[in-house]
Amino acid sequence: MKFNEDADLDTSQVSDQRGMGGRIAAGGGGLGVIGLIIYFVISQLGGGGGGGGTGLPSGFGDVGQNEQVGSSNLAQRCRTGADANREADCRAVAFINSIQNYWSTQVDGYREVETNFFSGGVQTGCGNADSATGPFYCPADSEVYIDLTFFTQLHDRFGAQGGPFVEAYVLAHEYGHHVQNLLGTSNQVGQGSGPESGSVRLELQADCYAGAWANHATTTPTESGKPLITEVTQDDVNAALDAAAHIGDDYIQKELGGGRVDTTQFTHGTSAQRQKWFSTGYQSGDPRRCDTFNTNDLG
């Protein structure tokens, strides 16, 4: 995939807290989203949300290797699509811009929210989190949180092939949760797990929303009128589908959680379901096709 080198990036949509100790926020709520799967699995492998345990390896291109971190530095380095073609964290900024520009055309009154880049740990409206939690959306403060080294973890521990469009899929999934929060969908989902649970339906819908954005990625313009993304190949889409397969409940339980699949503990959907609903969004390009709550066929 490629970015339009002349398109402008908007770093105001990102708060870069790496190396800065995180931000204090009050509130409550829970960590839904992809992060809970990552948190659960790493906890089972000896890590967890507290101190010590298994740490995430550094990586994701040059992210984490630049000693000068912070939002002001990000703004200096990430100005155009040309920077996104060169630097991994600028690429993340570009994805975030494109995703939010898309949803601003789809949801009346869409409110742009920040993605917070952090390293090690962060304090949010949903409580404290560390890198083992993985990427997540916090409904209490309506912000996305991610340690960008997660993408190396996704490759090294989960076995996904990785690639730039995998990063786009993960970020688009989290912003799918923001859309659900704005539309009130999240409030209709209660506690509980299982193959037909509200949690599974919520996560599959977020996958579908990510696919819908991906369909429009090359035609969604910035404020300057130029699309940020000029090319998405079938290999890019295949990489996203491969990542979806490696974060399905059944795959994680079987390959990383001891080998036994317990459907009563499903919270995100199987690998096949996650691939199906991303594909539904991508092939249709229509968020209205993402109604996972009114179907008896989740896949």
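In this predicted model, a hairpin connects strand E4 to strand E5 by way of two residues. The two strands, E4 covering residues 121–124 and E5 covering residues 127–130, run antiparallel and are joined by four bridges, and within this pairing Gly121 stands opposite Asp130 in E5.

Of its 299 residues, 56% count as buried, and among the contacts with a separation of 6 or more, 75% are accounted for by residues 24 or more positions apart.

Another part of the structure to follow is an open sheet of four strands, arranged in the order E2-E3-E7-E6 with mixed pairing. Its edges are formed by strand E2 (14–16) and strand E6 (136–138), each of which pairs on one side only, and neighbouring strands of the sheet are turned by 25° against each other on average, when direction is ignored. Within the sheet, strand E3 (residues 115–117) and strand E7 (residues 143–146) run parallel and are joined by three bridges, with Phe117 having Ile146 as its bridge partner in E7. Strands of a sheet pair through backbone hydrogen bonds, either parallel or antiparallel.

Helices accompany this sheet. Helix H4 packs on the sheet and touches E2 and E3, its direction making about 170° with that of E3, while helix H6 (residues 164–183) lies across E3, E6 and E7 and runs at about 20° to E6. Gln100 has its place in H4, which covers residues 88–104, and this residue is counted as buried because its relative accessible area is 0%. Apart from its neighbours within four places in sequence, Gln100 is in contact with Gln13, Tyr110, Arg111, Glu112, Val113 and Tyr175.

The last stop is a pair of helices, H8 (residues 234–245) and H10 (residues 271–284), which pack at an angle of about 145° with their axes 7 Å apart, H8 passing H10 in a right-handed crossing. On the side of H8 the contact is made by Val237, Ala240, Leu241, Asp242, Ala244 and Ala245, and on the side of H10 by Ser271, Arg274, Gln275, Phe278, Ser279 and Tyr282. These residues of the contact divide into seven nonpolar, three polar and two charged.

Methods
Residues numbered from 1 in each chain as written. Predicted model: local features only at pLDDT ≥ 70, side-chain atom pairs only at ≥ 80, totals over all residues. Heavy atoms only, no water. Axes fitted to C-alpha atoms, helices over the stretch in contact; angles between N-to-C directions. Left-handed = near helix turned anticlockwise from the far one by under 90°. Contact = heavy atoms within 4.5 Å. Nonpolar A, V, L, I, M, F, W, Y, C, P; charged D, E, K, R; others polar. Pairing = 2+ DSSP bridges. Buried < 20%, exposed > 50% of the residue type's maximum accessible area, 1.4 Å probe, protein only.
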